[in-house]
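Hello,

Here is the structure I promised to pass on. Please open it and keep it beside this email.

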Number of protein chains: 2
Amino acid sequence: MIFDRFTALDAIGPYEVLSRLPGAELSFVAKEAGPKRSDTGALGVSADLPIAELPDPEIVLVPGGEGNRPLLSDDRVLEWLRSAHETSVWTTSVCTGSLVLGAAGILDRKRATSHWVYLEGLRSFGAEPVDARVVEDGKVMTAAGVSSGIDMALTLAARVAGDQVARAIQLGIEYDPEPPFDAGSPAKAPPELVELVRNLEREPAPSRRA
Amino acid sequence: MIFDRFTALDAIGPYEVLSRLPGAELSFVAKEAGPKRSDTGALGVSADLPIAELPDPEIVLVPGGEGNRPLLSDDRVLEWLRSAHETSVWTTSVCTGSLVLGAAGILDRKRATSHWVYLEGLRSFGAEPVDARVVEDGKVMTAAGVSSGIDMALTLAARVAGDQVARAIQLGIEYDPEPPFDAGSPAKAPPELVELVRNLEREPAPSRRA
């Protein structure tokens, strides 16, 4: 499910993995169908269906992005999520998408994760924040910030179709990461960089991006 | 530059990184502006400008995807690429996007890379194939398959804006990868899986995806 000012990679990383599952049918949906822009503005993605036309997906995925904050109090979206969660095989999120799951009541007494800047915020929804890249609790799977959606989707592919299919997808997308720096988590980056990025992520729009 | 049947993550991985460069202006362009679909079909992205309206980008990026094969003999696209390359600061590709750079003559006597299934094909354009995730030769930077565009874009961000900015972007997108399997390159995956994926990637449409 996307929305205006979503974080592109939160949605497209998992899309690239899950769309390669044999027989998978994926749809980008939104409260209202039509074009949605990413949070950094230059990407326009089509939501091909309104959520009302896809009441019972087997896998639900909510990405992050500053544009999801209004959804935290959007009854129509939260009701759709609660209802979809009743029949889903997996209910998932990437980055601050977990805040939306939380607002829908789906994370109550669940272990869950989010972008590191927002992780503690999960407590307000009754969730237990877990500092991990991918967290599973029952049929709820949540990923940490942005790029972690790729790791989550490979984990999900393995649960849905088996390890060998997940490995084939990993090889197909040549996912053998070699980041040029070792600064991808607050535990590894120097403290001053952590503070800088924390402040950047919490800035008001248009530069807030978590 | 996108096109119908492009590989989504090839384009969006780098987009997520480069759009966070301070002051960056990004545009999705295509031979003709308008909606383009990804190779696995369910994603529609808007090409906001025709290439004719963006003759001199500082950074050019060509993604992969089976839909780029017709571009290998498309004079208007190849002429645009050659001309853009004359004034660009960086000319780049992800996955089989390097075949398009090759067809434009940009890889002649250059070291370059591509998706592992297509790597040797670079020789036909006078390039020297290099089995590496990111390859720089002068102002030409090429990435291996699909997900490697994220590593390339962080490398590029460092060249353009310095290591500290690149590290801040890496921390912002929480790029501290933990693939659930170790099968992301042909050197690491078992031989039978390598053969399976090689055949899948080389299948005719609609299931060919490299």
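Below are notes on chain A as a whole, then on one helix of chain B.

This is a predicted model: local features need pLDDT of at least 70, side-chain atom pairs need 80 or more, and totals for chains, interfaces and linings use all residues. Residues are numbered from 1 along each chain as written, chains are lettered from A and ligands numbered from 1 in written order, and side-chain values use heavy atoms, without hydrogens and water.

**Chain A**

Chain A has 6 helices and 10 strands. These are DSSP runs, numbered from the N terminus: H or I of at least four residues for helices, E of at least two for strands. Buried residues make up 60% of its 210 residues. Buried means under 20% relative accessible area, exposed over 50%, and partly exposed in between (1.4 Å probe, protein chains only). The C-alpha atoms fill a box of roughly 45 × 40 × 35 Å along the principal axes.

**Helix α2 of chain B**

Helix α2(B) covers residues 75–87, so 13 residues, and reaches 19 Å from first C-alpha to last. The expected span is 18 Å, from 1.5 Å times one less than the number of residues.

Which residues of α2(B) are buried? They are V77(B), L78(B), W80(B), L81(B), A84(B) and H85(B). They lie on the same side of α2(B), because they cover an arc of only 155 degrees around the axis. The arc uses directions from the helix axis to the C-beta atoms. The face turned away from that buried side carries exposed D75(B), E86(B) and T87(B).

Best wishes
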